[in-house]
Each structure stands twice: as structure tokens, then as C-alpha cells.
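Good morning, colleagues. Please bring up the model on your screens so that we may go through it together.

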Amino acid sequence: MLNSNNQSLLVVTDLKTQFFTEDGVVKAVDGVDFDIKRSEILGLVGESGCGKSATVLSIMRLIGVPGKIVSGKVVFENRDLLTISDNEIRDLRGNQISMIFQQPQSSLNPVFTIGDQLSEVIQIHKDIEKAAALERSVDLLRVVGIPDPEQRIKSYPYELSGGQAQRVMIAMALVLEPSLLIADEPTTALDVTIQAQILDLMRDLRNQMGTAIILITHDLGVIAETADRVAVMYAGQIVEKASVTNLFEQPLHPYTQGLINSIPVLGEVKERLDVIEGNVPNLINLPPGCRFAPRCRAYLESELTICSEQMPVLRQEGIDHSVRCWLYQDTGINTSQTNF
């Protein structure tokens, strides 16, 4: 459940990140706006290549060459992360904002024990002896549900299962009790049982420690179970934002509707799953107007020529619900009750 404190911890405004390649400029993040409140879980959802990871890497200022953050604001605790010094952002990473990745085994050093790696992070940020850091490491492994943590700190990464490695990465992210945790596809490589355990762990961390979480995924099932609010991304832009209840009860954007309609329903037999026809646009050569228009059944059926001519803005449509779609703007057509 959401904390009653509605103060925004992080506010992202008009964030634009581009990659300058030999083939052209890739508009990976193109005018993204969202916020996350304290103790809230925000789901950032969309198919591969839509800009989810580029968005959070921009927030952390971890975009490498040939990428560049070209404009926008990322205000965290009243500081714009895009304008503070390199030393300030390095101090903030892992301290107030931590990030976990979808491939935990590749993030752990194979030649050092789990205890060595956890205690090193603690010693870098806190002036304590290694023995005390190892003791703190054991406590953290216990918090994230690693059995027999006193022995497990002596293990090497190759001796861990995928679920255990992900728990270690979460423990490492929590070393300094950050107020914001960014989780980039944290359950993708895990089986269903372990996935559920990791999601339960993240909810517990939010409830017990008040940690706000940005959860990046392409899995709407994960979003339904875990998130408080959702931002749906398509081709570098957010096309819909809503509470998780509103999103699933009344999705507005045709892309969101297509994603939800394509989910298999237990006990419901379909000859074939619904699909979204067509392909994601090339981020170097984007279509004019709405980026989803070439694949949009609603656009084809309503014959709204403006969809292929002008880009719609992200507009408020009810309480805690906004959508980037001409079907809900001043076009003379009201389709708010229609599911395409």
C-alpha cells in the first residue's frame, strides 16, 4: 500500500537522451515525464527497446558514449541530478539511490567471495573495520532471505543459484539504506517460484524500510502484483500513466489495451492470442505524428488523420490517469469507453 506521504521523492521532467551513431541519431528517451513518491513502487513497462533502461541509466547518469543526455531535469531530494558535479553523483549512487540489474551473475566478481564484495561496499562508504563490515554483510544476507548467511558469505558467485545471486545484489543495493531502489528487470532470468519470492522481498523492503522502487519490466503480470502506479513506454515516450487499478480496469491507450489483451488468462481458452500487428518504429527514423499510429487499430477504424500528422501530448484523463492519444483530445471523437 502507498504511504500517506504524497511528497515526490524523484521528479523527471522532459528527459531526452540520444545516441549519436553512424546511421543517425537514436532518440532513445524523448521527452519523458514522471515522478515517484516516497515508499511507492512505480512500474515502468514496455516492450524491449522502448527506452525503459535508457531512462533509468539517464537518471543515474550512467549513459556512455555515443549516448548523451541532451535535455531535461531529474530532481531528487530537491537536487537536479543532471547538473550536480561528478563527485556528487558518485556519492549519491549506492548511497541514496541504488540499482540492481537483470543479470546478477555478471554483476558479481567471480574471483571474490560474497562476503568480500559486500564488505568492500560497506567499507567504501562507512569508516569501519572489515570484521564489522562482514558482520553487517551477514545481517544483510539474512534480511534478503539467504539461508545460513554466516556460511554463504564464504561462497563465490558461481556457487549461487540465480535467485540467490539476485538476493545478494539486492543486499548490496541496500547496504546504505537508499531511499530509492531502481530494479531493471530483476526477475527476467528466474523461474516462476523464485520470481515470486524476489517480488515478495521487494514489497517487504518497501513496507519495512520505506524504500521507493522503480520496477522496470515488460511483464504486466509482475506489474499487477507489485506496483502502485504504472508508466507505459513506447518508442522512447510515456504513452500512459495510471494507478495499477485504473490501468487494468480501464486502459486508455490502444497500445496498453493491446498489451493487456495479449496476456493469456487462466481458464480461458482462445484459438489464438491477440497480437499487436506491425513493428516498433526505428528510433532513428520515427514516423510523423503519434509513434503508435502505424500499428493502431483505433487509428485505422476512426480515420483520425491527425494521428499521423501531429504528436499528441500526455494529457490528464481523470484522477491519477493520463494518456498520450488523440482519441482523448480535442478531435470531436469520444472513445473513453471503447476498448480497441
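Arginine 203 is buried, at 19% relative accessible area, whereas aspartate 200 is partly exposed, at 37%. Buried here means under 20% relative accessible area, exposed means over 50%, and partly exposed is in between, with a 1.4 Å probe and protein chains only.

Please note that this is a predicted model, in which local features need pLDDT of at least 70, side-chain atom pairs count only at pLDDT 80 or more, and totals for chains, interfaces and linings use all residues. Residues are numbered from 1 along each chain as its sequence is written, and side-chain values use heavy atoms, with hydrogens and water left out.

The structure holds 13 salt bridges. In one of them, arginine 229 meets glutamate 40, with the closest N and O atoms 2.5 Å apart. Arginine 229 belongs to strand β9 and glutamate 40 to the loop between β2 (24-37) and β3, so that the pair links distant parts of the chain, 189 residues apart. Helices (H or I, at least four residues) and strands (E, at least two) are DSSP runs, numbered from the N terminus. Both arginine 229 and glutamate 40 are buried. They also take part in a network of salt bridges with Asp35 and Lys37. Another salt bridge joins glutamate 150 to arginine 142, the closest N and O atoms being 2.6 Å apart. Glutamate 150 is partly exposed at 38% relative accessibility, and arginine 142 is partly exposed at 44%.

Let us turn to the sheet. In which order do its eight strands run? The sheet is open and mixed in its pairing, with the order β6-β7-β8-β3-β9-β10-β12-β11; two strands pair if DSSP finds at least two bridges between them. At the edges are β6 (97-100) and β11 (314-316), each pairing on one side only. From one strand to the next, the twist averages 20 degrees; axes are lines fitted to C-alpha atoms, for helices over the stretch in contact, and angles run from 0 to 180 degrees between N-to-C directions.

Helix α8 (residues 192-209) packs on this sheet, touching β3 (41-45), β7 and β8 (212-217), and its direction makes about 155 degrees with that of β8. Contact means heavy atoms within 4.5 Å.

Is β3 enclosed or open to the outside? Five of its five residues are buried, so β3 is largely enclosed by the rest of the structure. Ile41, Gly43 and Val45 are buried on one side, and Leu42 and Leu44 on the other. Strand β3 runs parallel to β8, with five bridges, and parallel to β9 (residues 229-234), with four bridges. Valine 45 has threonine 217 as its bridge partner in β8 and valine 232 in β9. By contrast, β10 (residues 237-243) and β12 (residues 321-324) run antiparallel, joined by three bridges. There, lysine 241 stands opposite serine 322 of β12.

How values were computed
A salt bridge is a side-chain nitrogen of Lys or Arg within 4 Å of a carboxyl oxygen of Asp or Glu.
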